Amino acid sequence: MIKATFYLNQDDKYTGFDVSGHAGYAESGKDIICSAVSALSITTVNAIDTFTDVCFNGDMDPDGSIRFRITSNLDEKAQLLLSTLALGLTEISNEYGEQYLKVHYKEV
């Protein structure tokens, strides 16, 4: 199962996210859930890097896990992009089931 955790501050602003695990929906290379989660997550990080002035720390492990944390201002563009990621992952979870993808939110 893939676990996606979104971190929000006390003002309900996104401060980062983690994505880890494997869906197990299909064999490696044919798992559409893993592919969709990876594409959405990586595109979100790249979009924040390209289209905003937000500073962040992030890394991707060889196993595919992604860790992303905003270290500067929580600008509106970044918030929109992170909200879009959360929406996309939640929709995938709703469509295919939490046995493949669980989305959590934590206040930090």
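Let's start with aspartate 75, which sits in the loop between β4 (66-70) and α2 (76-96). Keep in mind, everyone, that this is a predicted model.

Now, how many salt bridges does a search of the whole structure find? The search gives 2. In one of them, glutamate 76 pairs with lysine 13, with the closest N and O atoms 3.1 Å apart. That pair joins distant parts of the chain, 63 residues apart: glutamate 76 is in helix α2, and lysine 13 is in the loop between β1 (2-8) and β2. Glutamate 76 counts as exposed because its relative accessibility is 53%, while lysine 13, at 28%, counts as partly exposed.

Aspartate 18 and arginine 69 also form a salt bridge, at 2.8 Å between the closest N and O atoms. Here strand β2 holds aspartate 18 and strand β4 holds arginine 69, 51 residues apart. Arginine 69 has 18% relative accessibility, so it counts as buried.

Last stop, friends: the largest pocket, with a volume of about 250 Å³. It is lined by 18 residues, and Gly21, His22, Cys34, Ser35 and Ser38 are the closest to its centre. Helix α1 gives the most to that lining, with 4 residues.

Definitions and conventions: Residues are numbered from 1 along each chain as its sequence is written. This is a predicted model: local features need pLDDT of at least 70, side-chain atom pairs count only at pLDDT 80 or more; totals for chains, interfaces and linings use all residues. Side-chain values use heavy atoms; hydrogens and water are left out. Helices (H or I, at least four residues) and strands (E, at least two) are DSSP runs, numbered from the N terminus. On a 1 Å grid over the protein atoms alone, a cavity is a set of points where a 1.4 Å probe fits but cannot get out, and a pocket is an open set with protein on both sides within 12 Å along at least five of seven lines; lining residues have an atom within 4 Å of a point. Grid points are joined across faces, edges and corners, and a volume is the space filled by probe spheres set on the points. A salt bridge is a side-chain nitrogen of Lys or Arg within 4 Å of a carboxyl oxygen of Asp or Glu. Buried means under 20% relative accessible area, exposed over 50%, partly exposed in between (1.4 Å probe, protein chains only).
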